[in-house]
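Here are some notes to read alongside the structure, for someone who has not looked at it before. Take them in any order you like.

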Amino acid sequence: MKKYSALIIDDEPDIRQLIALTLSRMDMECYQAANVSEALALLAERPYHFCVTDMKLPDGNGLEIIQLCHARYADMPVAMITAYGSMDMAVEALKAGAFDVVAKPLDIARLRELVAAALQLTRVPVHLESLPSSDALLGRSGAMMALKDKIQKVARTQAPVFIHGESGTGKELVARLIHHQSSRADDPFIPVNCGAIPKDLMESEFFGHKRGSFTGASADKDGFFKAAEGGTLFLDEVAELPLDMQAKLLRVIQEKATRAVGSEHESPIDVRILSASHKDLAKMVEEERFRQDLFFRLDVIQIAVPRLRERQEDIPTLINHFIRKYSREWGMPEASVGRDAMAALMDYNYPGNVRELENILQRAVTMAEGDEINQLDLNLPVHDKDPATRLLMPAIDPAAAIETSNLEDYLENIERSAITQALEATRWNKTAAAEKLGISFRALRYRCKKLDID
Ligand SMILES: Nc1ncnc2c1ncn2[C@@H]1O[C@H](COP(=O)(O)OP(=O)(O)OP(=O)(O)O)[C@@H](O)[C@H]1O
């Protein structure tokens, strides 16, 4: 008796045999179907650990099988065999819920890898609640429950996912959860902030470099792709990638191989790509600031993370969580939240979302005297309601600026002045200042560091 079972659907007997032989060597009992109706009959008979189907079948197509399995047997990974180069079909299959796609002619080593990854899913916890609490996605509002459900579904595929949402909503947390729930959970999760890497170092940071390939390259270095081998690479702030880097990234995704700077050879990679941005990538594509072909590759499945103000009922849970977290961290007794403070926290609109709520409570825990946090301890910033007034004009004298001979210094001065004004206006609340400036929290942190603003 074999340990696992598989359903193989293909109208070519030779291909079915080849797959059955490969899978039976992986301890799988194989059942075969030559068309959709045979497949449906076998699916009705018993459950399977894995299913692989051809795209074109005499009485239908593999997409129907994927859709049906996704709806009825959500736990069974289904892989789709597509003609070599038919990228559109592969994307369709992934969108429909396929675990992964494999090209014809079949590469047996790749098929084995794919099946091993699919079987790995049987070992991954199915409930997000079973994860370590530091990674818990808190909140039981309708929007959060729908989000958790979607995370669970996409985690059980290899499809690229684009995570969209305002700054501080928890996009990185969502990416981590997808990784932890996936067949790649035992391999690394590598988050990369695309907006914080200097332009001229980008290629080497992503793909690695060979010793001596440029001044300062004193030893061979692996890039992010190598570091994420077998696991997940999370491209945060992906909209910040310059166009030339977008072209290079697209090539790597298509070829599934990278070449280190200064190297003659390409090395194959097996990495799942998740990406995120608070910007509207589709709009950037229209404005020709983001490559459409890369967008299609990254945005196979989209997840929207809701704003905190759209799920007010989650605020009390988050408040308790952050107070407990920071009181423990600093070895202080857990303070309670006074009525006025609670009312103010429920009333505030959180432009910086969960991160801002976390910052407010982190500060309040240290400021509170006694065992209760009151409204003053919160130090909530006053936000302008009118977005037009949010644009800060830098306090630079234009006449003096014209005299400067160094463009970089001039621009840095403007930047420093705008950032300082935003920080002062928000009583040094970086989340609120970033919102005022229309940049992400991380971009602000990066710029403050660069400009020496403390
Ligand atoms: N639902 C949640 N439950 C618990 N903590 C959360 C939740 N959402 C966000 N957080 C916490 O809020 C902080 C910000 O989250 P995260 O970095 O994932 O946001 P982000 O959307 O990726 O931000 P950015 O766009 O600035 O990169 C983190 O400390 C994270 O743990």
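In which loop does Lys256 lie?

1. Start with Lys256. You'll find Lys256 in the loop that runs between α10 (243-255) and β11 (257-258). For background, most residues other than glycine have a negative phi. Lys256 has 12 C-beta neighbours inside 10 Å, and 12 or fewer means exposed, so Lys256 counts as exposed.

2. Before going further, a word on what you are looking at. This is a predicted model, so please read every value here as computed from it. The chain has 454 residues, and 36% of them are buried. Its secondary structure comes to 20 helices and 16 strands. The C-alpha trace spans about 75 × 55 × 40 Å along its principal axes. If you take the contacts between residues at least 6 apart in sequence, 70% of them join residues at least 24 apart.

3. Asp27 also deserves a look. Asp27 has a positive phi, about 65°, and is not a glycine either. Its place is the loop between α1 and β2 (28-33). Is Asp27 buried or exposed? Asp27 counts as exposed, because there are 11 C-beta neighbours inside 10 Å.

4. Next, a peptide bond to check. Lys104 and Pro105 are joined by a cis peptide bond, with omega about -5°. In general, most peptide bonds are trans. Pro105 sits in the loop between β7 (100-104) and α5, and that helix comes up again in the next point.

5. Now for a pair of helices. Helix α1 (residues 13-24) packs with helix α5 (residues 108-120) at an angle of about 55°, and their axes are 11 Å apart. That angle is why α1 is described as oblique to α5. The crossing of the two, α1 and α5, is right-handed. On the α1 side the residues involved are Ile19, Thr22 and Leu23, and they meet Ile108, Leu111, Arg112 and Val115 in α5. Sorted by class, the contact of α1 with α5 has 5 nonpolar residues, 1 polar and 1 charged.

6. How far apart are the axes of α19 and α20? They are 9 Å apart, and helix α19 (residues 430-437) packs with helix α20 (residues 441-450) at an angle of about 100°. This makes α19 roughly perpendicular to α20. From α19 the contact uses Lys430, Thr431, Ala433, Ala434 and Leu437, while α20 brings in Phe441, Leu444 and Arg445. By class, the contact of α19 with α20 has 5 nonpolar, 1 polar and 2 charged residues.

7. Last, Asp54, which carries an annotation. In UniProt (an unreviewed entry), "modified residue: 4-aspartylphosphate" covers Asp54. In the model, Asp54 lies in strand β3 (residues 50-54). Asp54 counts as buried, because 23 C-beta neighbours lie inside 10 Å. Which residues does Asp54 touch, not counting those up to four places away in sequence? They are Ile9, Asp10, Asp11, Gly62 and Ile81.

How values were computed: Residues are numbered from 1 along each chain as its sequence is written. This is a predicted model: local features need pLDDT of at least 70, side-chain atom pairs count only at pLDDT 80 or more; totals for chains, interfaces and linings use all residues. Axes are lines fitted to C-alpha atoms, for helices over the stretch in contact, and angles run from 0 to 180 degrees between N-to-C directions. Helices (H or I, at least four residues) and strands (E, at least two) are DSSP runs, numbered from the N terminus. Angles under 35 degrees count as roughly parallel, over 145 as roughly antiparallel, 65 to 115 as roughly perpendicular and the rest as oblique. A crossing is left-handed if the near helix is turned anticlockwise from the far one by less than a right angle, and right-handed if clockwise. Two residues are in contact if their C-beta atoms, placed from the backbone, lie within 7 Å. Ala, Val, Leu, Ile, Met, Phe, Trp, Tyr, Cys and Pro count as nonpolar, Asp, Glu, Lys and Arg as charged, and the others, Gly among them, as polar. UniProt positions are given in the numbering used here, feature names are shortened, and annotations may be inferred rather than shown by experiment. A residue is buried if 20 or more other C-beta atoms lie within 10 Å of its own, exposed if 12 or fewer, and partly exposed in between; C-beta atoms are placed from the backbone.
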